[in-house]
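Here is my note on the model, point by point. Please keep the structure open as you read.

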Amino acid sequence: MIKVEGLTKRYARTVAVDNVSFEVKKGQIVGFLGPNGAGKTTTMRILTCFMPATGGKAEVAGFDVIEKPMEVKKNIGYLPETPPLYPEMEVAEYLTFVGRIKGIPSDDLARRVKEVSERCSVADVSNKLISKLSKGYRQRVGLAQAIIHNPPVLILDEPTSGLDPKQRVETLELIKSLAGDHTIVLSTHVLSEVEATCEDVIIISRGKVVAMDTMDNLTHRLQGAEAVAVEVEARNGAGEADVQRKLEQVGGVSRVVAKGEALGRLRFEIESLQGRTVRTEVARAVVESGWGLFELSPVAVSLEEVFLQLTESKK
Amino acid sequence: MKNVWVICQKELKSYFASPIAYLLMAMFAVIFGFFFWNVVGYFVIIGMQQQMGRGMPMNVNEMVIRPLLQNVSVIGLFLIPLITMRLFAEEKRSGTIELLLTSPLTDFQILFGKWLAAMLMYSAMLLVAGLNFVFIFAYGQPDWRPMLVGFLGLLLQAGGLLAIGTFISTLTKNQIIAGGATFGVCLLLWVMEWVTGYETAEWAKVMGYLSVVSHFESFAKGVIDSKDIVFYVSVIFFGLFLTARSLESLRWRA
């Protein structure tokens with residue numbers, strides 16, 4: 001349904017999207033995951049024909065975004081990061097306007113507006129001014145706007161940003177319920193949301209795809225990494241920097257973070273590469289340097305941390 | 001065409017759902033009312049002098065309607081920035097531009113719909129002027145044809161300036177910047193012809209020609225001159241063309 005090949009977007013000074021390729025199949029719900037500024041919004045804007053790419057190809061519903069933008073636009077529902085709402089309009093009026101510009105025939109319009117209002121549970125505020133709505137309602141009106149013309153592809157840019165936890169859950173439930181009829185790409189920087197909603201995940205960092213897999217595989221793979229807390233008593237005049245350098249040289253270590261000093265002992269947190277255990281090697285390295293090893297203990301790795309590791313290690 | 005109308009309706013709605021439309025019409029009514037009172041008052045004094053024997057030929061079309069139409073044209077220069085400043089700047093600021101540009105609409109449909117709404121907003125202001133003119137017809141017998149030509153000229157002139165204002169509005173997210181810049185351009189296009197008063201060189205003639213106000217003279221007299229119509233229509237096309245290019249570049253720069 002969506003096919004992206006070698007997509008690149010260059011700005012005057014930066015590269016926002018760098019040679020990104022992926023594919024989304026019909027009916028899939030895919031999470032587009034990455035820290036802020038990773039290039040998620042840019043990729044989505046290219047897919048929705050809001051801006052052209054510098055290089056590469058993108059196809060939505062079988063139409064090229066550059067050659068057939070009108071066809072692509074008809075087949076896409078898009079919710080930008082800030083819902084595109086007109087505060088001076090009433091909800092039903094706004095949805096009618098959007099329905100019109102999306103090309104819904106006028107005899108079908110009232111029915112569609114009613115349908116999506118109910119689906120997104122905004123029917124109770126349909127006669128209220130948008131400027132008077134709460135954040136959660138606005139987000140849902142934004143969602144209603146995206147699905148009003150029943151597009152086969154839905155692109156949702158951070159649909160849960162700025163919502164409170166309850167609204168978050170409700171919005172995600174709503175998106176999940178849409179999955180059957182629509183192919184959905186949703187971006188977020190909150191990992192748990194992807195865990196809760198998506199089947200497939202694309203992780204993007206600094207404009208590049210760093211991982212692309214099903215949710216299950218990814219969770220499994222990510223948890224293969226190990227985090228270790230070490231406490232070292234440095235001797236022979238070695239300082240914190242020396243110890244850190246030594247630890248970084250140990251095979252299988254991907255990152256060492258200094259955690260400060262307490263009672264003359266230095267604390268570090270070490271993260272291993274995927275699927276490597278590093279505790280024995282770390283212990284050996286410390287002892288061979290003639291330092292005192294006070295503590296060496298595994299730390300439970302949260303999915304969030306590994307995600308950070310994955311997105312930051314590609315610097 | 002249907003899409004143009006949908007966009008136009010939406011814009012009209014936001015003019016009239018906010019105080020902007022009423023503020024513009026009220027401001028226009030007060031300022032134009034003042035001019036109307038002045039011009040008619042002057043006309044009455046001349047009329048009394050004539051009765052006392054110091055005769056001067058008198059003509060309502062030439063002495064009341066014509067200066068009033070010229071006044072409307074100048075008031076327009078000041079109010080047009082207020083009409084156009086929000087057209088694109090507001091959409092860019094609030095992010096709704098993303099909705100418009102990702103909907104199956106052409107850039108032309110969007111900008112033409114918006115320009116058309118601005119024209120209708122300006123026409124609504126002209127209606128207020130028309131209301132004053134009703135009194136002239138109630139108490140005198142002026143020729144209505146030159147007046148209609150005058151209104152046609154006003155619409156054409158405003159069309160050009162509104163197109164330029166629409167273009168400037170695509171350049172910024174900030175309504176005040178859009179309004180300020182449009183006002184500057186409008187003012188410049190007005191005062192430009194002043195150089196023809198003391199300078200006869202070619203460049204002065206070009207500046208005089210480019211001034212939007214100089215082309216209104218013949219309309220105010222009730223004369224339809226094809227060269228003035230061509231000028232205004234060209235300005236409209238040029239403004240809308242720039243808007244289209246700017247919208248396109250927005251996609252590249254955004």
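This is a predicted model: local features need pLDDT of at least 70, side-chain atom pairs count only at pLDDT 80 or more; totals for chains, interfaces and linings use all residues.

1. Start with a cut-off. A residue is buried if 20 or more other C-beta atoms lie within 10 Å of its own. It is exposed if there are 12 or fewer, and partly exposed in between.

2. How confident is the predictor in chain B? The average pLDDT of chain B is 90, and 98% of the residues score at least 70. Among the elements of chain B, helix 7 (residues 144-169) of chain B has the highest mean pLDDT, at 94. Helix 9 (residues 202-210) of chain B has the lowest, at 87.

3. Now chain A as a whole. Chain A holds 11 helices and 14 strands. Its C-alpha trace spans about 85 × 40 × 35 Å along the principal axes. Chain A has 315 residues, and 43% of them count as buried. Take the contacts in chain A with a separation of 6 or more: 68% of these come from residues 24 or more positions apart.

4. Look at the backbone of A:Glu158. This residue is not a glycine, yet its phi is positive, at about 45 degrees. A:Glu158 sits in the loop between strand 7 (153-157) and helix 6 (165-178) of chain A. Is A:Glu158 buried or exposed? A:Glu158 has 23 C-beta neighbours inside 10 Å, so it counts as buried. The cut-off for buried is 20 or more.

5. A:Asn19 also deserves a look. A:Asn19 has a positive phi of about 50 degrees, although it is not a glycine. Where is A:Asn19 placed? A:Asn19 lies in strand 2 (residues 15-24) of chain A. A:Asn19 counts as partly exposed because 14 other C-beta atoms lie within 10 Å.

6. Next, the contact between the chains. How many residues does each chain give? Chain A gives 20 residues and chain B gives 18 residues. On the side of chain B that touches chain A, the elements that give two or more residues are helix 1 (2-17), helix 5 (97-101) and helix 11 (226-253) of chain B. Helix 1 of chain B gives the most to that side, with five residues.

7. Last, the make-up of that side. What classes of residue does chain B turn towards chain A? The side of chain B that touches chain A has eight nonpolar residues, seven polar residues and three charged residues.

Note on methods:
Residues are numbered from 1 along each chain as its sequence is written. Chains are lettered from A and ligands numbered from 1 in the order in which they are written. Two residues are in contact if their C-beta atoms, placed from the backbone, lie within 7 Å. Helices (H or I, at least four residues) and strands (E, at least two) are DSSP runs, numbered from the N terminus. Ala, Val, Leu, Ile, Met, Phe, Trp, Tyr, Cys and Pro count as nonpolar, Asp, Glu, Lys and Arg as charged, and the others, Gly among them, as polar. pLDDT is the predictor's confidence in each residue, from 0 to 100.
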